[in-house]
Amino acid sequence: MLTVEGLSKSYGDMVAIARIDFTIEAGEFVCIVGPSGCGKTTLLKCVAGLLAPSGGRVLLHGQEVLKPPRQMALVFQDYSRSLLPWMSVQANVGLPLHGRGLSGAEQRTLVGDALASVGLEGFERHYPWQLSGGMQQRVAMARALAYQPEILLMDEPFASVDAQTRSDLEDLLLSVWRRLRITVLFVTHDIDESVYLADRVVVLGPRPTTVDEVLPVGLPRPRDQVTTKEQSEFARLRAHIYKAIKRTPLGRAAEQKEA
Amino acid sequence: MARRRIVYLTLEIAVPLLAIAAWWWTSNNSTSPYFPPLSDIVQAFRDAWLFRHVPTDAAPSLARMGAGYGIAVVIGISLGMVLGLVPLISRALGPPLEFVRAVPPPVLIPVAILVFGIGNSMKVFVIVAGCIWPILLNTIDGVRGVEPTMLDMSRSYGVSRARHWSRVLLPAALPQVFSGLRAALSIALILMVISEMVASTNGIGFYVLDAQRTFAIPEMWSGIILLGGLGYTLNWLLMIAERRILRWHRGFRASQLAAIAEPR
């Protein structure tokens, strides 16, 4: 369904992405994981049609992506900047629905359904900033779902919420994904998160970025924060990616910085 | 907290009252022709502005100021949004804009008289020419400062151009636009008065100058007091509008500060 073909991106002489190839099948949940600073956000912006690649191309159903396609919805890491603080929750979720030939009632239904699917009924009239971080990111998810995309692109969406909220949001995302049968491309720097969520994990190397490997995750579904993470297969995959990323110079640098 | 608020409120009411009382007392036996007793000024104010001179002087003044300020707001905001969106244009226009802005607006009056004569259009032009700059420059800044993530969001969700401008760009720039609107309002009042003093046959500015020339000193003071009250009221109205329109901004900022103080 989505093919990334020899994609590269340079800024002047600086090569951010050297070459990236991967494909995603309809209905798949694919995570992209890599060391910080490896150009994950740049890659996602190219896929989303927000940034023109320097080389290669992105194909959606065989069509080259040249501008943001109608079939994709993007969830940003920073909900406080991607949600509009002057609009109510309802208006934020409904903003992309105008100009699509939908009646007011149809728009309200879409907004209501989307908010219900992320458990935010009753918060329609609140402003985003009146809600907790986790709830704000759920508003952003609802906006993406109301848009009725085929592919959900997520850029480290849970990186700025606390650990408890984060696992709740992961499980919420998995249940929404199963129910709506959409495709998800999820960028993260968190190895555990990528293994827990994905059907396949695309492991990126350091800059200039290439694909290190694509790892299938055979863990059974539905997944569970306790039992899935207890399985030896989870530990094996986690350790495998961990070594792959720490092997890279940037991973080592990050390790040294943390130490 | 509540007690402090009561103290503030009391002071806010008491200090002006005390000042008026002090003026009244000290000027009560004044024999100076230039500083007449406040009672005389109040009498003159009542005669002139309740409401004999309202249709002949106050109304034309307000109409000129309203027209000039209104035109400046519309042109300033719409032009500012366009210029702010095109970095190249705003870069290139930067120095000339700063120069034109640095020209003291009253100096345009002679030019405006040549072009427009001494009628209303001259005065409206001078007001527009003076108070458009803070609005224009603040709007440009505001639009340039919009969060890139918001622009990406708007683009990736295919928000239509009209809605992008009205629901994303304009509100995002509004906090800055309002500081331009506040600065422009006081400039508009100043230019309204000056243009009426230089060349006019009516208006509050004309009234004050005419009263001075005919030694109607209490009347002159009454015009000055009217202008002070007018400026105060207009500022207050703008502040109310800003509070209502930017209510989200205060809440948003408070939530951001709270997030910094206590990291999730």
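This is a dialogue about how the terms used for a predicted two-chain model follow from its values.

Biologist: What are the ground rules for the numbering and for the predicted model?

Modeller: Residues are numbered from 1 along each chain as its sequence is written, and chains are lettered from A and ligands numbered from 1 in the order in which they are written. In this predicted model local features need pLDDT of at least 70 and side-chain atom pairs count only at pLDDT 80 or more, while totals for chains, interfaces and linings use all residues.

Biologist: What makes β5 and β6 of chain A edge strands?

Modeller: Strands (E, at least two residues) and helices (H or I, at least four) are DSSP runs, numbered from the N terminus. Two strands pair if DSSP finds at least two bridges between them. Ten strands of chain A form an open sheet with mixed pairing, in the order β5-β4-β1-β2-β10-β9-β3-β8-β7-β6. β5 (63-64) and β6 (72-75) each pair on one side only.

Biologist: How do you know that β6(A) pairs with β7 of chain A?

Modeller: Four bridges join β6(A) to β7 (residues 151-155), and the definition asks for at least two. The two strands run parallel, and A:Met72 stands opposite A:Ile151 in β7(A).

Biologist: Why is α5(B) called oblique to α6(B)?

Modeller: Axes are lines fitted to C-alpha atoms, for helices over the stretch in contact, and angles run from 0 to 180 degrees between N-to-C directions. Angles under 35 degrees count as roughly parallel, over 145 as roughly antiparallel, 65 to 115 as roughly perpendicular and the rest as oblique. The axes of α5 (residues 108-116) and α6 (residues 120-144) of chain B come within 9 Å and cross at roughly 140°, which makes α5(B) oblique to α6(B).

Biologist: Which residues of α5(B) and α6(B) make the contact?

Modeller: Contact requires C-beta atoms, placed from the backbone, within 7 Å of each other. From α5(B) come B:Leu108, B:Ile109, B:Ala112, B:Ile113 and B:Phe116, and from α6(B) B:Ser121, B:Met122, B:Phe125, B:Val126 and B:Ala129. By class these are nine nonpolar, one polar and no charged; Ala, Val, Leu, Ile, Met, Phe, Trp, Tyr, Cys and Pro count as nonpolar, Asp, Glu, Lys and Arg as charged, and the others, Gly among them, as polar.

Biologist: Why are α4(A) and α5(A) called oblique?

Modeller: The axes of α4 (residues 104-117) and α5 (residues 133-146) of chain A come within 8 Å and cross at roughly 135°, and the two helices are therefore oblique to each other. A:Leu110, A:Val111, A:Ala114, A:Leu115 and A:Ser117 in α4(A) meet A:Ala142, A:Leu145 and A:Ala146 in α5(A). That contact has seven nonpolar residues, one polar and no charged.

Biologist: What makes B:Gly76 buried?

Modeller: A residue is buried if 20 or more other C-beta atoms lie within 10 Å of its own, exposed if 12 or fewer, and partly exposed in between. B:Gly76 has 26 within 10 Å, so B:Gly76 is buried. This glycine is found in helix α3 (residues 54-85) of chain B and touches B:Ile132, B:Ile135, B:Leu136 and B:Thr139, not counting residues up to four places away in sequence.

Biologist: Which helix of chain B gives the most to the side that touches chain A?

Modeller: 21 residues of chain B are in contact with 24 residues of chain A, and α7(B) gives the most to that side of chain B, with six residues. In α7(B), B:Met150, B:Asp152, B:Met153, B:Ser154 and B:Ser156 are buried. The buried residues of α7(B) pack against β6 and α2 (79-82) of chain A together with α8 of chain B.

Key: Two residues are in contact if their C-beta atoms, placed from the backbone, lie within 7 Å.
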